[in-house]
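Here is a short report on one protein chain.

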Amino acid sequence: MGTEGAKVHSESDNGQAAYLRLLGDRIRDARARRGMTRKLLARDSKVSERYLAQLEAGHGNISIVLLRQIAHAMGLPLADLVREEPDRPVELALLIQTLGRLQPKELSQARKLLTDAFSTVVESERRQRIALIGLRGAGKSTLGARLAEAKGVPFIELDGVFDLYGQSAYRRYERRALENVIERHDRAVIATGGSIVTEPATFDLLLSACFTVWLTAAPEEHMSRVAAQGDYRPMAGNDEAMDDLRRILASRNALYAKADATVDTAGKTVDQCLRELKATVG
């Protein structure tokens, strides 16, 4: 192989290595947003922890790189080859291209314009359903139940879906459960699962049909509350639970921030938080 050929080969290798590192980072971040340990992901995906560790470290199977090369050769994003949904309508594909050129602030404005133009829920009706979002230990169950009692409306916990079906089926049923709640209840207080923000379609439905409040607290306070409840999901068996918790919070902060309002529960009594929550939702 000549000098030029060796240079091209080296650049190709470097590009592949960079892509595998990026892929590993994306998988690790997606796992963190969903609050899944590597052990849990290995169990649900039927892929060994050892391979997942290699993949997250940027040492994935070369077949992934080959599939990426095939996609690039056809001028397609890799996602267009591997996604399971049918091909997008032309107008949607063009709209995605347009939105892809916008800055983050412009995207927020564009989403608001689309929501205002095409939402089927009247704003006054949306405010009658109050949805509490946030990580486990933020106070969604405690504050949600008391708020519902004060307002004389049903209190509904979507987290019960998890208890019935487990993590692998949870996301399929969570959307269905939310749709049923919205259909059956014009007024309610809803406590959501902490990972609902990581499912775009479900989270969009929640934002469109409910007045959402992010209950937040410091990581240490989240952990102490979860421990007090005797519930260590999703960090069970993980010696680095606090690091995982911080990573989950960091990866979800921008999503939680899409809520209509925020109530910080850190260092406050339940009564103090309830008063603030009542004032927030009106």
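The report below covers the chain as a whole, then its parts.

**Basis**

This is a predicted model, in which local features need pLDDT of at least 70 and side-chain atom pairs count only at pLDDT 80 or more, while totals for chains, interfaces and linings use all residues. Residues are numbered from 1 along each chain as its sequence is written, and side-chain values use heavy atoms, with hydrogens and water left out.

**Overall fold**

The protein chain has 15 helices and five strands. Both are DSSP runs numbered from the N terminus: helices are H or I with at least four residues, strands are E with at least two. The chain holds 282 residues, and buried ones make up 35% of them. Buried means under 20% relative accessible area, exposed means over 50%, and partly exposed lies in between (1.4 Å probe, protein chains only). Contact means heavy atoms within 4.5 Å. Among contacts between residues at least 6 apart in sequence, 72% join residues at least 24 apart.

**The largest pocket**

The largest pocket has a volume of about 1,000 Å³. Of its 26 lining residues, L99, R111, P200, A201 and D204 are the closest to its centre. A pocket is here an open set of points on a 1 Å grid over the protein atoms alone, where a 1.4 Å probe fits, with protein on both sides within 12 Å along at least five of seven lines; lining residues have an atom within 4 Å of a point. Grid points are joined across faces, edges and corners, and the volume is the space filled by probe spheres set on the points.

Helix 6 (90-100), helix 7 (104-118), helix 12 (200-209) and helix 14 (241-256) each supply at least two lining residues. Helix 12 gives the largest share, seven residues. By class, the lining has 17 nonpolar, five polar and four charged residues. Ala, Val, Leu, Ile, Met, Phe, Trp, Tyr, Cys and Pro count as nonpolar; Asp, Glu, Lys and Arg count as charged; the others, Gly among them, count as polar.

**Helix 12**

Helix 12 is mostly covered, with seven of its 10 residues buried. These are T202, F203, L205, L206, L207, S208 and A209. T202 counts as buried at 5% relative accessibility. Leaving aside neighbours within four places in sequence, T202 is in contact with E174, R175, L178 and I196.

**Helix 9**

Helix 9 (residues 140-151) has 12 residues, which at 1.5 Å a residue should span 16 Å; its end C-alpha atoms are 16 Å apart, in agreement. The expected span is 1.5 Å times one less than the number of residues. K140, L143, G144, L147 and A148 are buried in helix 9. Seen down the helix axis, the buried residues of helix 9 fall within an arc of 130°, so they line one face. The arc is that of the directions from the helix axis to the C-beta atoms. An α-helix has 3.6 residues a turn, so residues three or four places apart point the same way.

What do the buried residues of helix 9 pack against? Their partners are strand 1 (129-133), strand 2 (155-157), strand 3 (188-191), strand 4 (211-216) and helix 15 (270-281). G152 follows helix 9 and has a positive phi, near 70°.

**Single residues**

K46 sits in the loop between helix 2 (38-45) and helix 3 (49-56). K46 is exposed, with a relative accessible area of 75%. Its phi is near 60°, a positive value in a residue other than glycine.

R136 is in the loop between strand 1 and helix 9. At 21% relative accessibility, R136 counts as partly exposed.

D264 lies in strand 5 (residues 261-264). It is partly exposed, with a relative accessible area of 37%. Not counting residues up to four places away in sequence, D264 touches T216, A217 and E276.

| Pair | Separation in sequence | C-alpha distance |
|---|---|---|
| D264 and E276 | 12 residues | 9.0 Å |
| R136 and L215 | 79 residues | 9.7 Å |
| T202 and R171 | 31 residues | 8.8 Å |
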